[in-house]
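Have the sequence and the 3D view open side by side before you start. We'll take a quick tour, stopping at a handful of places.

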Amino acid sequence: MTEEKIKPVGAEELAKEFKEHSVAEFFKKNKQMLGLYGKVRTLTTVIHEYVSNSLDACEESNILPDIEVKIDELGSEYYEVTVKDNGPGLTEATVGKALGQLLAGTKFHRMMQMRGQQGIGSAGCTMLSQTTTGNPTKVITGTGKSKPISLKISIDPKHNSPKITDLKKIDKEFRGLAIQAKFKDVLYRDSEQGPLEYLRRTAIANPHAQIKFRDPEGKSYNFKRTLNKIPKPPKEVKPHPKGITVDELITLSKYTKSRNVNSFLKKDFDRMGNKGLEEVAKRTSFDLKKDPKQMSWHESEEIVKAFREIDFIAPTLDALSPIGEAQIKGSLESIVHPEFLTVNTRKPQVYAGGFPFQIEIAIAYGGNAGRQISSGEMRMEIMRFANRAPLLFDQGNCAITKAVHSVDWKRYGLRDLETAPLTILVNFISVHIPYTGAGKQAIADEDEVMEEVRLALMQSGRKTGMYISRKRKEKEKQMKREMFYKYIPEVAGALSRITKKNEEKLKNQLEKLVLEKLKLEEAKDAAEMEAEEVKNGSLDEQEKEETKENKKKSKKKKGAEE
Ligand SMILES: Nc1ncnc2c1ncn2[C@@H]1O[C@H](COP(=O)(O)OP(=O)(O)OP(=O)(O)O)[C@@H](O)[C@H]1O
Ligand SMILES: [Mg+2]
């Protein structure tokens, strides 16, 4: 056989193949990066993108959200999704870009606690609808200021730009946004990763929202509002110098209104005062009166290096808005009906030097806590949230799951965590969530994040452990009491026969004796529990040791990765 001769291809021939492509073409080909893969996952992700946008918009505009979600089955693996909200709506000028252009939105450049942050979610859905069904996405939007409009939006992938058709004014009153889009190759399932569970968890973390849902079989669900107070609107914070990279500094310098580097640093950064500026000036070799837009990569590098060396006050922490202990309690009690519940809102912390974050945690034990698997048995469940949005996928890759599995639960009386009747809820809130990917389903295991989630878990784990041990002791005491009382008549009878004393009197004396013994034991148990409660706030020696070990391990792992 003669070997086929392969002609080498030169740069000139390859140059003919050289083409530019838009971000829309890129994501059209790589939709898995947006979490749009797997039939069930894709449909849940679509619901997530629309619903989290509605909640974000309502929160920013100080509106109590009323959201209606409908999924209709149009054919085999073919569905229509409708999501309607009572938010601020979108103007005629922005609606096209918001839903028909990838990487466009109001959130990307702002450090703010929001569910969305990339400007890719809803336009990704528009793209998926058109590539699987050939249909545009139908939209009705009303801002309350002018007549509502209806329109159809699709994306021109080549230019990553919106195409709008059938734009009409409507004569009805409507404020908010209603989106209707069709999707093929997706599947509705009433499972742990399906839209219903997604909405159930959204309701738990957003008790101020009313969410109505109609599934493809026509079954209706109403997650009623249990809190009539709108959460504190998210506050925008400026980036903290410690969290900034050279590239980010250059990007920010292009957007600033300041005309010299000095005022750019002072106005656009958190905790930057005159003293900080003096320190930067001492450590840099160029004139800080220079136009920030003209700053070179090298100059930006000098500033970031100076930021690393200077001591700044920790970032502003009051921009975070937790769900709140009473609200989480109310939600879980009404949905999970647990036997025992502990909720803990930790103090805000900082990760990667510059990003404030806060952990809220709840552990529900017994009742309907945990989840039922197909065999009918119960399993422990972890409910993960990022800025109140449920995370249903990529569980193994998430800092929250990793932290749960790094805790020694045996210490808290939970010998087999996996089969325990337990719901562990963790809400991670931050002005910037360190997601592991554009699909926004897992939080990266930053050291500070892991540490803080572990501490929160250990604190709540100990309280749960105390309840479990109290329950066990109570049961033991009950058994002991029953046993004593069962044998008292027999013992009294035997004693009376031997001593010839009155049987009834002996019975009474024996009962008194047993009662005193049990009382003594109870007092001992109560003292032990009190001692345990006192040390409840702080870690015990073993927990401290474990925490140190964990830090060492994560350092080693990071070192190996680098
Ligand atoms: N229901 C809504 N009401 C008002 N504005 C909305 C609504 N949905 C989307 N928007 C606007 O459209 C923009 C784009 O939404 P999109 O979901 O694509 O990105 P995002 O929410 O900014 O970030 P992410 O990609 O993380 O979801 C939003 O930033 C917001 O300004
Ligand atoms: Mg979004």
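## Before you start

This is a predicted model, so a few rules apply: local features need pLDDT of at least 70, side-chain atom pairs count only at pLDDT 80 or more, and totals for chains, interfaces and linings use all residues. Residues are numbered from 1 along each chain as its sequence is written, chains are lettered from A and ligands numbered from 1 in the order in which they are written, and side-chain values use heavy atoms, with hydrogens and water left out.

## The overall picture

The protein has 562 residues, and 47% of them count as buried. Here "buried" means under 20% relative accessible area, "exposed" means over 50%, and "partly exposed" is in between (1.4 Å probe, protein chains only). Along the principal axes, the C-alpha atoms fill a box of roughly 115 × 80 × 65 Å.

You'll find 15 helices and 16 strands in the protein. Glycine 96 sits in helix 4 (residues 92-100) and is buried, at 4% relative accessible area.

## Around ligand 1

Now go to ligand 1. It is surrounded by 22 residues, the closest being Asn53, Thr106, Lys107, Gln117 and Ile120; a residue is near a molecule if one of its heavy atoms lies within 4 Å of it. This shell divides into 7 nonpolar, 11 polar and 4 charged residues. Helix 3 (39-60) and helix 5 (121-133) each supply at least two residues of the shell, and helix 3 gives the most, with 4.

Some N and O atoms of the protein can be picked out beside the ligand. The side chain of aspartate 85 has an N or O atom 2.8 Å from a nitrogen atom of ligand 1. A backbone N or O atom of glycine 121 is 2.8 Å from an oxygen atom of the ligand, and in serine 122 a side-chain N or O atom is 3.0 Å from an oxygen atom of the ligand. On its own, ligand 1 has 600 Å² of accessible area, and the protein covers 95% of that (areas by the Shrake-Rupley method with a 1.4 Å probe).

## Charged pairs

Side chains of opposite charge can pair when their charged atoms come close. The whole structure holds 28 salt bridges, each one a side-chain nitrogen of Lys or Arg within 4 Å of a carboxyl oxygen of Asp or Glu. One of them joins lysine 147 to aspartate 171, with the closest N and O atoms 2.8 Å apart. Lysine 147 is in the loop between strand 3 (137-143) and strand 4 (149-156), and aspartate 171 is in the loop between strand 5 (161-169) and strand 6 (175-184), so this pair ties together parts that are 24 residues apart in sequence. Lysine 147 is partly exposed at 46%, while aspartate 171 is exposed at 70%.

Another salt bridge links glutamate 474 and lysine 477, at 3.7 Å from N to O. Both belong to helix 13, where being 3 residues apart separates them by about one helical turn. Glutamate 474 is partly exposed at 43%, but lysine 477 is buried at 9%. Elsewhere, salt bridges with shared partners join Glu192, Glu197, Arg200, Arg201, Arg371 and Glu381 into one network.

## A surface patch and a buried threonine

Back on helix 13 (residues 447-499), look for leucine 495, which is partly exposed at 32% relative accessible area. Together with Met483, Tyr487 and Val491, Leu495 forms a nonpolar surface patch of about 340 Å² of accessible area.

What about threonine 423, buried or exposed? Threonine 423 is buried, with a relative accessible area of 0%, and its place is in strand 16 (residues 422-430). A polar atom of its side chain lies 2.8 Å from the backbone nitrogen of glycine 370.

Technical notes:
Patches are made of residues with over 30% relative accessible area and no salt bridge: like charges are joined within 9 Å, nonpolar side chains (Val, Leu, Ile, Met, Phe, Trp, Tyr) within 5 Å. A polar contact is a pair of N or O atoms within 3.5 Å; within protein, one must be able to donate a hydrogen and the other to accept it, and residues adjacent in sequence count only if both atoms are side-chain atoms. Ala, Val, Leu, Ile, Met, Phe, Trp, Tyr, Cys and Pro count as nonpolar, Asp, Glu, Lys and Arg as charged, and the others, Gly among them, as polar.
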